[in-house]
Amino acid sequence: MSTYASLHYHVVFSTKNRTPFIHRNWEERLHAYLGGTIRELKGFPQAIGGVEDHLHILVGLKTIHCVADFMRE
C-alpha cells in the first residue's frame with residue numbers, strides 16, 4: 001500500500017509596522033529570491049505575491065520538513 005501526502009502552507013510576512021517598504025521596482029526580484037530560497041530548502045514554491053506592506057507565499061513541503069525549522073531558515 002502506498003501513501004501520498006500533499007502539504008501546502010499559506011505564509012504571510014509583513015513589514016515592520018506595516019510600513020510600505022516593498023517597492024514595485026524590485027518586487028519581482030524579491031519574489032524570485034524567495035522562490036530560490038524555498039527551492040534550496042527542498043520546498044516547492046507554488047505562488048508568491050503581495051503588496052507594499054506584506055507578502056503571501058503558498059509553499060508545498062514534504063513530510064520530512066519541520067515547519068518551524070523551514071520558516072526560521
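Trainee: What does the secondary structure of the protein come to?

Mentor: Two helices and three strands, where helices are DSSP runs of H or I with at least four residues and strands are E runs with at least two, numbered from the N terminus. From the N terminus on, the order is β-α-β-β-α. Mind that this is a predicted model: local features need pLDDT of at least 70, side-chain atom pairs count only at pLDDT 80 or more, and totals for chains, interfaces and linings use all residues. Residues are numbered from 1 along each chain as its sequence is written, and side-chain values use heavy atoms, with hydrogens and water left out.

Trainee: Why is Met71 called partly exposed?

Mentor: Buried means under 20% relative accessible area and exposed means over 50%, with partly exposed in between (1.4 Å probe, protein chains only). Met71 has 31%, so it is partly exposed. Its place is in helix 2, residues 67-72.

Trainee: Which residues make the nonpolar surface patch?

Mentor: Phe13, Val67 and Met71, over about 220 Å².

Trainee: How much of the protein is buried?

Mentor: Buried residues make up 25% of the 73 residues.

Trainee: What share of the contacts with a separation of 6 or more comes from residues 24 or more positions apart?

Mentor: That's 57%, a contact being heavy atoms within 4.5 Å.

Note on methods. Patches are made of residues with over 30% relative accessible area and no salt bridge: like charges are joined within 9 Å, nonpolar side chains (Val, Leu, Ile, Met, Phe, Trp, Tyr) within 5 Å. Accessible areas come from the Shrake-Rupley method with a 1.4 Å probe; for residues, only the protein chains shown count as cover. A salt bridge is a side-chain nitrogen of Lys or Arg within 4 Å of a carboxyl oxygen of Asp or Glu.
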